[in-house]
Every structure is written in structure tokens, then in C-alpha cells.
Amino acid sequence: MEEKSAAVVTSSNGKIRVIRASILVLVITIFIGYIFMWILMPTSTYKLHFYPKIRAHTISTFLSTQGTTILLYTFPMLFISVLGSVYLHLGLNYQSGESCKIKRKSIFSSWKRPMIIKCLGIVSWIELFIFVMFITLLVWTFSAYLHYFFDHMTIFKEIEDDKRWEAKLSIIGLTLGIVGNICLTFLFFPVTRTSSVLPLLGLTSEASIKYHIWLGHITMFLFTAHGLCYIVYWALTNRLSSKILEWKKTHVSNVAGEISLLFGLVLWVTTFPRIRRKTFELFFYTHYLYIFFIIFFVFHLSINYFCYMLPGFYLFMVDRFLRFLQSRQCAQLVSARILPCETVELNFSKDQGLSYTPTSIIFINVPSISKLQWHPYTISSSSNLEPEILSVIIKSEGSWTRKLYEKLASPFPIEHLTISVEGPYGPASTHFLRHDKLVMVTGGSGIAPFISIIRELLFMNSTMKCRTPSILLISAFKNSSELTMLDLIPPISYTSHGISDLELQVEAYVTREKEPPTESSKTLRTIWFKPNTSDAPISTTLGKCSWLWLGVITSSSFVIFLLTMGLLTRFYIYPIDHNSNNVFSNSLRSALNMLLICISILVTATAAFLWNKKQNSIKIKQITEAKGLSPLMHNSGGVDPIEKELESLPQQSFLRTNKVHYGRRPDLRGILMEQEEPSVGVLVCGPKSMRHDVADICSTGLVENLHFESISFSW
């Protein structure tokens with residue numbers, strides 16, 4: 001019977017593998033065609049032959065010329081997103097049967113080796129290759145457009161024969177703006193947390209923030225140069241006062257462009273590292289100016305041209321509204337463990353159906369500290385090992401975290417704390433099992449993602465009986481009080497899960513103390529919170545089939561937008577445009593398009609969210625009636641009596657089974673060079689200098705068995 005069941009599973013996995021491979025081939029084909037369109041766009045062949053033919057077959061009284069742009073530049077990426085959602089949904093079932101299998105070494109392993117570039121930080125050869133190809137695309141577009149415009153200067157009616165060099169300055173400004181639009185097209189993809197596009201590439205939004213930063217700097221540099229070229233051109237031709245205040249009804253609006261650029265400059269200035277790190281709140285709040293930047297950008301160029309850049313922003317809007325819906329529900333905070341090193345571990349109640357991968361993150365908002373600020377934290381728990389609990393570790397390092405710690409560590413502990421969360425967000429799958437050994441290098445609170453990995457491997461080792469790699473954890477701390485973070489590695493019930501069976505070695509380094517303290521540091525303290533009827537366990541925004549629901553929301557909302565905009569164009573805009581006495585305003589058309597996009601996303605996302613919330617409530621009610629309330633909900637607040645009794649026992653810290661070195665830093669080069677296993681995964685999470693040191697060691701050709709991965713989220 002078991003053999004027949006195994007055969008059915010194998011056959012099912014085989015079919016899923018074929019379907020996923022077919023989807024992936026289709027996605028790659030569409031994406032290559034999409035990129036080819038951007039390469040072809042500045043050429044004469046595209047402008048004189050290809051585009052006119054496509055436009056002749058797509059222009060209609062329903063979408064006008066906007067239909068052509070949507071077909072060529074908006075639809076492909078949204079279709080890829082929907083296909084990606086199906087691909088990832090199928091992958092959930094496929095991976096459940098394959099999770100214990102050791103994955104083969106990737107053929108691209110050598111391309112993933114790190115290298116350090118001063119202006120880019122730690123990048124792999126693949127990332128560097130893609131970056132160079134993207135810059136090449138920008139240079140090609142700039143040079144091709146310049147060549148075309150200089151050869152066809154007669155199409156610019158404002159040019160006078162005696163001012164051709166000034167006109168060339170105008171053309172350069174125009175071309176800089178066009179190239180900047182390419183950067184803007186891809187700017188929002190890296191920061192879209194709930195999107196299938198990044199997981200298709202094996203990326204997460206947090207790990208892709210650096211791409212957003214690169215694109216943002218290039219975009220604003222090009223747009224600033226674009227604006228300055230036009231201002232100088234207007235000044236040289238004595239038209240500055242008239243042009244700078246021009247808002248045309250049917251053409252480019254200069255005023256809207258200037259306002260958009262002004263918002264962008266304010267936003268851009270606060271993103272530079274020195275300003276962002278010293279005044280994070282200023283950076284955080286000014287980043288919301290992107291809303292006004294985009295609105296006036298659309299007014300500047302019209303919605304027809306913005307459709308070139310629409311896909312990334314459309315997916316971002318879907319993600320942003322889903323996050324808004326999730327954040328309206330307060331999360332149920334069960335307990336908090338207070339460590340003597342000004343660090344807290346927050347333990348939330350979660351839906352048992354909520355599954356996430358190690359190194360996933362959630363965003364936390366505490367309204368009593370700041371109603372607008374959201375901070376990302378790595379989840380330290382395992383959804384498999386702890387099906388009812390989700391934990392995060394927060395160290396007091398800034399004003400926001402300090403206020404949170406003071407609230408929780410007060411001598412008079414609070415009985416309830418209102419917290420909202422967004423997430424979890426993380427990689428679609430992990431590849432830690434492909435290595436023979438894992439070397440984890442961490443500094444301070446950077447230990448959080450490694451705790452989640454260790455607990456997941458603990459579950460696979462003890463429950464699923466999988467062969468797991470051996471683990472070497474190298475932790476660097478400033479003071480001995482921070483050693484208590486190591487006590488958070490095993491879950492509370494670790495004895496029942498056989499942690500001793502896991503091949504785990506911990507090497508801790510205390511850098512600012514030369515010997516152990518004479519007095520034992522204070523042990524951790526646990527606070528239990530009273531349950532609140534308005535709070536709910538953390539659950540997925542769109543239920544168990546979240547990827548499928550995301551595809552449904554993306555596709556259905558876009559179809560609704562096309563239908564409503566088509567009807568509005570056919571029966572309202574088209575009659576006005578074809579009346580010789582009147583022309584429909586570009587600004588009003590753009591405003592109507594933006595409004596319809598927002599309404600379409602709002603209706604579909606809200607319907608999907610409420611449906612899944614209702615189903616989840618029914619499921620929770622059934623589980624509650626069958627099993628009774630969880631013991632976690634019975635506590636009346638304050639310090640749990642069982643926990644208090646445990647703390648009064650002789651300290652049997654998990655730390656005592658490991659080595660602690662005082663007064664020195666770890667010799668990372670020596671430790672890593674000593675690793676002899678065929679495949680060693682080197683994971684690092686900590687300060688920038690530590691990440692660079694480890695990356696430098698792994699990049700050398702002397703250690704072919706080291707495979708570097710930075711999972712640090714500080715940017």
C-alpha cells in the first residue's frame with residue numbers, strides 16, 4: 001500500500017515538474033521578447049515600420065492609441081506575474097514531497113561567487129553581468145535616440161535654423177528623460193513584497209533593495225539632468241518665463257514635470273547613507289513623496305506614455321493595498337522574553353496554516369510609538385517546529401527600538417501591547433540541504449535568521465528524519481551580556497525534539513571583555529500578555545492558495561480596468577476628441593485612468609481578502625471548538641508562574657555546551673580555510689565590515705568549496 005502511495009506521489013510530482021518547466025519556458029520567452037522591444041524601440045525600423053503596423057491593428061475607439069502601448073509594454077509583464085503565481089503555487093505541492101532530497105550543486109555556482117565593488121557593495125558575477133547589460137541598454141538607447149533625433153531635427157517644429165546648437169541641447173534633455181523612464185520602469189519591482197516576479201528569479205524583496213537603490217540613483221540623476229537641460233535651453237532662447245509655467249491641454253505639461261522632479265529631489269536627497277542613518281525618520285516620511293512624484297509624472301507625460309512604465313507600479317499598488325488590508329488587524333502578542341542585553345523576543349500567536357521559510361521577515365508597527373513607522377525583523381521561529389508561535393528578536397539600537405524595549409522592560413510590565421504586522425515575506429524555497437556543512441557568521445542581533453535555520457533543520461532532523469548538514473555558528477558579541485541571545489537558539493520545548501541529535505557547534509566571541517564576568521549576568525525574563533478580543537493570530541493575507549489568489553487579483557483587476565476605461569473612452573472621451581471644436585484634456589484622461597486603476601485594485605483585492613478572512617475565521621472556530629482554547633490564551637498577564645519556576649532553577653543554559661572566547665575577534669580566514677567538506681555554505685549576517693570580510697575570503701580561488709550568501713538586511 002505504501003509503495004502504491006509513493007508511486008502516486010512520484011507520478012504527481014513528475015506532472016507538476018513538467019507543467020512548471022513549461023511555464024518557465026513560456027515566461028523566459030515572453031521576457032526575452034519584452035526586453036527585445038526596449039532594445040528595438042530607439043531604432044528607425046521600430047519607428048517607421050514595426051510600431052505603425054502594430055498600431056494600425058490595435059488602435060480603436062475603446063482604448064485609442066493607449067491600447068498599443070498596453071499590448072506591447074504593460075500586458076507582457078503582468079502576464080508573466082500571473083504565470084509566476086501559478087508556477088509558485090505548483091511549487092508548494094512539489095517541494096513538499098522533495099524537501100528531504102539533497103539538491104545537486106547548481107551549474108551557476110561559480111557565477112554566484114561574491115566580489116566587492118566600492119560603489120555597489122557585495123555583488124555576485126551574475127549581478128555584475130546583469131548590471132553591466134542594463135547600463136549597456138541605457139547607453140544604447142541614449143546613443144540611438146540621439147542619432148535618430150539629430151538626423152530628423154525637422155520633426156521639432158520649434159527649432160530655428162540659427163539656433164540649432166541650442167536645439168541639440170533640447171534633444172539631449174529629451175533623450176535623458178527617455179532613458180530615465182527605462183530605469184523608472186524597473187524601479188518598483190524590487191520593492192514589491194507580494195509579487196511572483198522576484199521569487200521566479202530566486203529573489204526576495206529585502207534582498208533586492210540594493211537594486212532599487214541603484215535604479216533610484218540612476219533614475220534621479222537622469223531626470224535631474226533632463227530638467228536642467230530644458231531650463232538652460234529655455235533660458236538661452238529667452239522663453240524661460242513662459243515655458244516654465246506651461247501646462248498644455250494636449251501635450252507635455254512642464255509645470256507637472258517640474259513639480260514631480262521637485263518631489264523626487266527631496267526624496268532623493270534623504271536616501272543618501274549619511275542622512276538616512278542619522279535621521280531615519282526624515283528618510284522614512286519623505287519616502288512617501290513617491291506618491292506625488294508618480295501622480296505629477298503621469299500628468300507631465302500623459303497616461304498613454306506612462307503605460308510603458310505601468311507594470312512595475314501596478315504590481316506594487318496591488319501589493320501595497322494587500323499590505324494595508326493585513327495591517328488593519330492587530331496581531332495577538334502572546335509573550336515577550338526580555339534579555340539583559342537590551343534585547344527582546346516577541347512571540348505572536350499564528351494560524352497553524354501559516355507557513356514560511358527560514359530567513360523570512362515581517363514588518364512591525366507599534367502605534368503607541370509611531371503610527372506610521374514600520375520596521376522589518378527576521379523571524380527567528382520555524383513554522384514547522386512551532387506551528388502556533390511566530391517569534392522575532394529586536395535589539396535596542398535606535399530611538400524606536402529603545403522606546404519599545406523601555407515599554408516591555410519596565411518594572412511595571414504592561415498587560416497588553418497593540419501591534420500590527422505585515423508579512424511574512426521570504427524566499428519561495430531554501431537550498432540549505434544542498435551543502436554538507438553550514439558555517440554561519442553573525443554579529444549581535446544578526447543571529448535571528450540563523451536561529452530560524454537551525455530550528456528548521458532541527459525539525460527536519462528529528463521529525464522528518466532528513467539528513468541535515470552539520471552547523472558551525474560563529475557569533476561575535478561586544479559584551480558578555482549579549483551571550484544570552486544564544487539561549488534563544490533552542491525552542492522552549494527543545495528537549496522533546498532531540499536537539500542533541502543535531503550536529504551543532506557554537507563558537508562565541510566577546511570582543512570587549514578579556515575574561516568572564518565575576519558575577520553571572522541576569523537571566524532572561526518572560527512577560528505574558530492578556531488576550532484581547534480585537535487581536536487575532538497572524539495569518540496569510542490570501543489564505544492557503546495565496547499565490548493563486550494573487551494571480552486572480554492581478555488579472556481580474558487589470559481586466560476590470562481595461563473594460564471600464566474602454567467604455568469610458570468609447571462613450572465619453574472619444575466623442576469629445578472627434579469634435580472639431582473641442583479636445584479632451586490629457587490631464588483629465590490621466591486622472592481618470594489613475595482613478596480607475598485604483599478602484600479596480602481596491603475592489604478585487606478587498607473581495608479576495610474578505611473571502612479568505614471569512615474562510616479562515618470559520619476554520620479557526622472549528623479548530624477552537626474541537627481542541628479548546630490554546631493554553632497560551634489562558635494566562636492573565638504578567639509573569640507566567642511556570643516560567644518563573646523555571647527561572648528559579650539552577651541555570652542549565654544551552655550556552656554551557658559551547659565555547660566562549662574573550663578579548664578577541666574570530667579568525668574568519670583561518671576558520672573558513674580549514675573547512676574540508678566538499679560543499680560548505682557560508683552565511684553571514686552582521687555589520688558591513690564583517691560581511692565584506694567573509695565575502696572577500698569566499699571570493700578567492702583558493703577555496704572552491706565555499707559558497708557565500710549574505711542574508712543581512714541592513715542597507
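The following questions and answers go through a predicted model of one protein and the reasons for the terms used about it.

User: Why are helices H5 and H7 called roughly antiparallel?
Analyst: The axes of H5 (residues 164–187) and H7 (residues 209–236) cross at roughly 160° and come within 8 Å. Angles over 145 degrees count as roughly antiparallel, and therefore H5 and H7 are given that name. Their crossing is left-handed. The residues of this contact divide into 21 nonpolar, nine polar and one charged.

User: Which residues make the contact between H7 and H9?
Analyst: On H7 they are His217, Met220, Phe221, Phe223, Thr224, Gly227 and Trp234. H9 contributes Asn254, Glu258, Leu261, Gly264, Leu265 and Trp268. By class, the residues of the contact of H7 with H9 are seven nonpolar, five polar and one charged. Glu258 of H9 is in the contact, and Glu counts as charged.

User: Why are H9 and H12 called roughly antiparallel?
Analyst: Helix H12 (residues 290–301) and H9 have axes that cross at roughly 155° and come within 8 Å. The cut-off for roughly antiparallel is over 145 degrees, and therefore the term applies to H9 and H12. The crossing of these two helices is left-handed.

User: How do you know how many charged residues are in the contact of H9 with H12?
Analyst: The residues of the contact divide into 10 nonpolar, five polar and no charged. From H9 come Asn254, Ala256, Gly257, Ile259, Ser260, Phe263, Gly264 and Leu267. From H12 come Tyr290, Phe292, Phe293, Phe296, Phe297, Phe299 and His300. Asp, Glu, Lys and Arg count as charged.

User: What makes S7 and S14 the edges of the five-stranded sheet?
Analyst: The order in this open sheet is S7-S6-S9-S3-S14, with mixed pairing. Strand S7 (375–378) and strand S14 (535–536) each have a single partner strand, so one side of each is left without a neighbour in the sheet.

User: How do you know that S3 and S14 pair?
Analyst: Two strands pair if there are at least two bridges between them. Strand S3 (residues 330–331) is joined to S14 by two bridges, and the strands run parallel. Ala331 stands opposite Ala536 in S14.

User: What makes S8 and S13 the edge strands of the four-stranded sheet?
Analyst: This open sheet has the order S8-S5-S4-S13 and antiparallel pairing. Strand S8 (389–395) and strand S13 (525–528) each pair on one side only. From one strand to the next, the twist averages 20°.

User: How do you know that S4 and S5 pair?
Analyst: The requirement is at least two bridges, and six join strand S4 (residues 333–339) to strand S5 (residues 343–349). The two strands run antiparallel. Leu333 has Phe348 in S5 as its bridge partner.

User: What makes the peptide bond between Gly423 and Pro424 worth a remark?
Analyst: It is a cis bond, with omega at about 10°. Most peptide bonds are trans. Pro424 is found in strand S9 (residues 419–425).

User: What makes Asn238 worth a remark?
Analyst: Asn238 is not a glycine, yet its phi is positive, at about 60°. Most residues other than glycine have a negative phi. Asn238 lies in the loop between H7 and helix H8 (240–243).

Technical notes:
Residues numbered from 1 in each chain as written. Predicted model: local features only at pLDDT ≥ 70, side-chain atom pairs only at ≥ 80, totals over all residues. Heavy atoms only, no water. Axes fitted to C-alpha atoms, helices over the stretch in contact; angles between N-to-C directions. Parallel < 35°, antiparallel > 145°, perpendicular 65-115°, else oblique. Left-handed = near helix turned anticlockwise from the far one by under 90°. Contact = heavy atoms within 4.5 Å.
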